[in-house]
Amino acid sequence: MTIRRAERKDIGRIGELLIQVNNVHHRGRPDLFRYGVRKYTDEELVSILADPATPVLVATDEHDTVVGYAFCIFQQHRDSHILTDVKTLYIDDLCVDETLRGNHIGQELYRAVVDFARRQGCYNVTLNVWSCNASAMAFYEKCGLKPQKVGMEVIL
């Protein structure tokens with residue numbers, strides 16, 4: 001397995017994985033997530049891949065086929081009255097092909113994100129996880145992440 005920056009040639013496969021992730025969320029929260037759609041269009045993916053502020057790492061197999069990805073966003077709160085000015089790498093989305101989960105691809109991808117963040121001078125790596133996605137929560141806890149804040153809701 002190789003982990004590298006995503007390229008335009010990866011967009012088709014990334015799109016397939018985006019649908020898998022969305023379907024996990026749809027199963028957990030069908031009131032919020034539509035079935036069978038993806039978070040980004042091909043045109044949006046072209047822009048994301050070209051933007052240094054939104055790095056995307058992909059895990060590829062021996063045939064250079066994408067088997068997982070991590071969408072990231074650099075965040076920094078400059079001139080905030082209450083927050084310190086630390087550089088954060090936020091994981092917007094992390095996915096491993098559903099047929100390959102359990103093979104430690106996600107752990108390697110996560111470690112690559114952390115290493116990338118260190119090389120970029122980041123203070124921390126953050127992410128959000130939906131509480132309905134218990135397997136993702138367990139995965140991130142196994143990787144050593146701890147809750148930073150909790151989002152709450154009441155459905156009316």
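Is C72 buried or exposed? C72 is buried, with a relative accessible area of 4%; buried means under 20% relative accessible area, exposed over 50%, and partly exposed in between (1.4 Å probe, protein chains only). The model is predicted: local features need pLDDT of at least 70, side-chain atom pairs count only at pLDDT 80 or more, and totals for chains, interfaces and linings use all residues. Residues are numbered from 1 along each chain as its sequence is written, and side-chain values use heavy atoms, without hydrogens and water.

**Cysteines**
- Zero disulfides (pairs of cysteine sulfur atoms within 2.5 Å) are found in a search of the whole structure.
- C72 takes part in no disulfide, and the nearest cysteine sulfur, that of C122, lies 9.2 Å away.
- C143 is partly exposed, at 22% relative accessible area.
- The closest cysteine sulfur to that of C143 belongs to C72 and is 13 Å away, too far for a bond.

**Nonpolar cores**
- A nonpolar core is a set of buried Ala, Val, Leu, Ile, Met, Phe, Trp, Tyr and Cys residues joined through side-chain atoms within 4.5 Å.
- The largest such core has 25 residues, and those with the most contacts inside it include L89, V113 and Y140.
- At least two residues of this core come from each of β2 (56-60), β3 (66-76), β4 (87-96), α3 (105-119), β5 (124-127) and α4 (134-142); helices (H or I, at least four residues) and strands (E, at least two) are DSSP runs, numbered from the N terminus.
- α3 supplies the largest share of this core, eight residues.
- A second, separate core comprises 16 residues, among them I14, L17, I48 and V56.

**Contacts of Y140**
- Y140 touches L94, L127, V129 and L145 (heavy atoms within 4.5 Å), not counting residues up to four places away in sequence.
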